[in-house]
Amino acid sequence: MFDAVIIGGGPAGASCALWLKMLGFRPCIIERRQVLGGLQNDNPYPNKWMAPVRDKTGFEVAADIHRHVMEHDIVCRLGESVTALEVVEGGFRITTAGGETLLGRTCVLASGVRPVKGGFTESHEVIIGPGRTMFNADFEQQSVAILGGGDNAFENYIFVRKRGADRVTLYARTIRARREFLEKVPPADVRIGTYPVAPEIPEVAGRRFDRIVVLYGWEPYLPYARHLDLARDPRGFVETSADCETSIPDLYAIGEIAQRMHPCCATSMADGVVAAKAIQRTLEQDAVARFAERVRRAAASDPVRG
C-alpha cells in the first residue's frame with residue numbers, strides 16, 4: 001500500500017512524487033516510457049521560460065527529472081502502462097499492462113496529453129503534433145501545409161520556413177495564436193475558414209503539397225479511466241478543485257490533463273506541489289487522529305497519568 005500512486009512521470013508527476021517523498025510519504029510512479037520526463041523527452045528545443053533553467057533543451061530537462069527522482073530512491077515502475085484504475089475500500093487499485101497490481105491510499109493522474117489527430121494517420125507525408133518527428137523532418141525546397149490556428153501552428157510555420165521550405169501555407173478555422181507569432185507570419189500565407197483535406201494525395205483545399213503538418217492542439221490521455229465518473233470540461237480535460245482534487249475523493253489530477261493553468265513545464269511542476277501538500281493534509285489528519293487515540297488509551301491505562 002503506497003501513500004500515493006502517481007500515473008505519469010512527467011514534470012507534474014515527478015514534482016508531486018519528490019515533494020511527497022521529502023514530506024515523509026511513500027509515493028510510487030508508474031510511467032509508460034523507460035525514462036521519466038514526459039513530453040520533454042520529445043522536445044529538442046531550448047526551454048527559456050523557467051527561471052532556474054538556462055537554455056536547456058527538453059531532452060536535458062527530462063534527463064534531470066529522471067536523475068533527480070532516482071537519486072531520492074522513489075519507487076518507479078518504468079516501461080509500464082496502466083490498464084485499469086479502480087476505487088476500492090481504503091484507496092485505489094491500479095493494474096498495469098504487465099499484470100502488476102498496486103494499491104494506493106491516494107492516486108494522482110499525471111499522464112499528460114497527446115496531440116489531437118483530427119482523424120488523420122501519421123505517415124511520411126503527414127506529421128501530427130510538434131516535437132521530435134517535426135524537428136527531424138526534412139523541409140528543404142518542399143511545399144508544406146500547416147493545419148491549425150494556435151501558437152504551435154504559427155510557431156512551426158516559422159520553423160518550417162527556417163528549414164528551407166519553398167512554400168508554406170497555414171490553414172486555420174480560427175486564429176488563436178499570440179501576437180508575437182502573428183507579427184512573424186505573412187497574412188498572404190494564411191487561409192481562414194474550412195478546408196477539405198486529402199492526405200493520401202496530399203492535398204489541402206485543392207492545392208498539392210509535399211507535406212501536411214497537423215497541429216490541432218492537445219487532448220488528455222486517460223484511456224485507463226474511461227469507466228470512472230470523473231467531472232470533465234467540454235474538451236475532456238479533468239475538472240479539479242483548487243487543491244487539484246477531482247470529483248472523486250482522494251483522486252487528484254495535475255498538469256496538462258487538468259488544464260488548470262497555462263499548460264507548460266513550470267505550471268505542471270507547481271500543480272505537483274499543490275497536490276502533494278493536499279495529500280499530506282489528508283493523510284496526516286488520519287495520522288493525528290490515530291496518534292491522539294493512542295495517547296488517550298495510554299492515559300486510560302496509566303493510573304498516574306490518568
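Mentor: Let us begin with accessibility, where buried means under 20% relative accessible area, exposed over 50%, and partly exposed in between, with a 1.4 Å probe and protein chains only. Ala 51 counts as exposed because its relative accessibility is 83%. Ala 51 lies in the loop between β3 (46-47) and β4 (56-57); helices (H or I, at least four residues) and strands (E, at least two) are DSSP runs numbered from the N terminus. Please note that this is a predicted model, in which local features need pLDDT of at least 70 and side-chain atom pairs count only at pLDDT 80 or more, while totals for chains, interfaces and linings use all residues. Residues are numbered from 1 along each chain as its sequence is written, and side-chain values use heavy atoms, with hydrogens and water left out.

Trainee: How far apart are Ala 51 and Phe 135 in sequence and in space?

Mentor: They are separated by 84 residues in sequence and by 25 Å in space, C-alpha to C-alpha.

Trainee: How many helices and strands are in the protein chain, and what does its C-alpha trace span along the principal axes?

Mentor: The protein chain has six helices and 19 strands. Its C-alpha trace spans about 90 × 40 × 35 Å along the principal axes. Of its 306 residues, 45% count as buried. Contact means heavy atoms within 4.5 Å; among contacts with a separation of 6 or more, 58% are between residues 24 or more positions apart.

Trainee: Is Gln 142 buried or exposed, and with which residues is it in contact?

Mentor: Gln 142 is buried, since its relative accessible area is 17%. It lies in the loop between α3 (132-136) and β11 (143-147). Neighbours within four places in sequence aside, Gln 142 is in contact with Gly 164, Ala 165, Asp 166, Arg 167, Asp 210 and Arg 211. Gln 141 lies in that loop between α3 and β11 as well, but Gln 141 is exposed, with a relative accessible area of 58%. Although Gln 141 is not a glycine, its phi is positive, at about 55°.

Trainee: What is phi of Asp 250?

Mentor: Phi of Asp 250 is near 70°, a positive value in a residue other than glycine. Asp 250 is in the loop between β18 (218-220) and β19 (251-253), and it is partly exposed, with a relative accessible area of 25%.

Trainee: How is a nonpolar core to be read, and which residues of the largest one touch the most other members?

Mentor: In soluble globular proteins, nonpolar side chains tend to be buried together. A nonpolar core is a set of buried Ala, Val, Leu, Ile, Met, Phe, Trp, Tyr and Cys residues joined through side-chain atoms within 4.5 Å. The largest here has 29 residues, of which Ile 6, Cys 16, Leu 20, Val 69 and Ile 254 touch the most other members. Two or more residues of this core come from each of β1 (2-7), α1, α2 and α6. Beyond its neighbours within four places in sequence, Ile 6 has contacts that include Cys 16, Leu 20, Ile 30 and Val 108. Apart from this core lies another of 23 residues, among them Cys 107, Ile 248, Leu 251 and Ala 253.

Trainee: Where is Pro 202 placed, and which residue does a cis peptide bond join to it?

Mentor: Pro 202 is in the loop between β14 and β15. The cis peptide bond joins Ile 201 and Pro 202, with omega about -10°.
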